Amino acid sequence: MRNRTAMLVLAGAVVFASSIGAVAGCLSLERGGSGANLGAGATETFGTPTVTASASPSAEATAAEPETPRTTKPAPRRTTRAPETGPKIEYFKITQWPKCPQGTSEYPVEGVPVKLEWKVTGAHEVTISVDGDGVYKTYETEGWDEIYFPCGDGQPGEEVTHTYKLKTVGGGDVKSKTLSASAEVYEVATV
């Protein structure tokens with residue numbers, strides 16, 4: 001019976017010592033330390049804490065261990081860009097590709113105009129120029145238009161190309177975008 005009682009006391013002491021070691025380890029990790037502030041009765045050897053159980057820390061041991069002040073790192077700064085101001089061309093695209101006229105004089109097949117679509121924010125209006133900087137037409141900031149595509153300058157089998165330049169008007173610095181469209185020239189036979 002004595003051996004059994006001694007075993008129970010010894011097991012209780014081991015559990016108690018393990019608990020103290022766990023608490024001391026947590027405190028050390030919480031403070032970001034290496035174990036130097038483990039508390040009364042604890043020592044550190046080569047980075048591995050060993051804990052010796054004692055009834056309670058003495059007044060001298062408590063006074064000898066000054067409380068380490070908690071320090072927190074400042075939150076990381078998050079930089080954000082200033083929102084863009086002024087006009088922005090969301091998109092300017094060709095939604096219908098042009099075709100030159102074809103067929104015969106008796107049965108002509110009409111050409112297909114180029115269809116442009118755009119959306120601009122931060123501007124008052126937009127202009128579109130065709131084959132240069134002269135303004136073809138002024139438009140709202142969002143819309144579309146079908147523009148006649150002349151093919152008369154080309155010889156059958158060649159490609160004719162025209163450029164379309166969208167420019168913002170008002171609201172800040174002028175922004176622009178240029179597109180090109182091409183179509184093959186066909187011979188229209190006279191019958």
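This passage walks through a predicted model of one protein chain, from its overall make-up down to single residues. Local features are reported where pLDDT is at least 70 and side-chain atom pairs at pLDDT 80 or more, while totals for chains, interfaces and linings use all residues. Residues are numbered from 1 along each chain as its sequence is written, and side-chain values use heavy atoms, with hydrogens and water left out.

Confidence comes first. The predictor's own score for each residue, pLDDT, runs from 0 to 100. The protein chain averages 77 on that score, and 62% of the residues reach at least 70.

As for the overall make-up, the protein chain has two helices and eleven strands. These are DSSP runs numbered from the N terminus, with helices (H or I) of at least four residues and strands (E) of at least two. Reading from the N terminus, the order is α-β-β-α-β-β-β-β-β-β-β-β-β. Of the 191 residues, 20% count as buried; here buried means under 20% relative accessible area, exposed over 50%, and partly exposed in between, using a 1.4 Å probe and protein chains only. Among contacts between residues at least 6 apart in sequence, 58% join residues at least 24 apart.

Strand 3 (residues 88-96) runs antiparallel to strand 6 and is joined to it by seven bridges, with Gln96 standing opposite Lys115. Strand 9 is antiparallel to strand 6 as well, through six bridges. In that pairing, Trp118 has Gly143 of strand 9 as its bridge partner.

Lys115 turns up again in a charge-over-ring arrangement, which calls for NZ of Lys or CZ of Arg within 6 Å of the ring centre and within 35 degrees of the ring normal. The charged end of Lys115 sits over the ring of Trp144, 4.4 Å from its centre. Likewise, the charged end of Lys93 sits over the ring of Tyr91, at 4.8 Å from the ring centre.

At 19% relative accessibility, Thr141 counts as buried. Leaving out residues up to four places away in sequence, Thr141 touches Trp118, Lys119 and Val120, along with Ala123, His124, Glu125 and Val126.

Next up are the cysteines. A disulfide is a covalent bond between the sulfur atoms of two cysteines, and the working rule is a pair of cysteine sulfur atoms within 2.5 Å. By that rule the count comes to one. Cys100 is joined to Cys151, with an S to S distance of 2.0 Å, and the link is left-handed, with -85 degrees about the S-S bond. The pair links distant parts of the chain, 51 residues apart: Cys100 is in the loop between strand 3 and strand 4 (102-103), and Cys151 is in the loop between strand 9 and strand 10 (159-169). Both Cys100 and Cys151 are buried.

Pro156 is also found in the loop between strand 9 and strand 10. With a relative accessible area of 45%, Pro156 is partly exposed. Apart from neighbours within four places in sequence, Pro156 is in contact with Val185, Tyr186 and Glu187. Pro156 and Val188 lie 32 residues apart in sequence but 8.8 Å apart in space, C-alpha to C-alpha.

Two more residues round out the picture. Asp131, in the loop between strand 7 (125-130) and strand 8, has a positive phi of about 50 degrees although it is not a glycine. Asp131 is partly exposed, with a relative accessible area of 44%. Val191 sits in the segment after strand 11 (176-184) and, at 66% relative accessibility, counts as exposed. Even so, Val191 touches Thr104, Ser105 and Glu106, not counting residues up to four places away in sequence. Between Val191 and Glu106 the C-alpha to C-alpha distance is 6.1 Å, across 85 residues of sequence.

How values were computed. Contact means heavy atoms within 4.5 Å. Two strands pair if DSSP finds at least two bridges between them.
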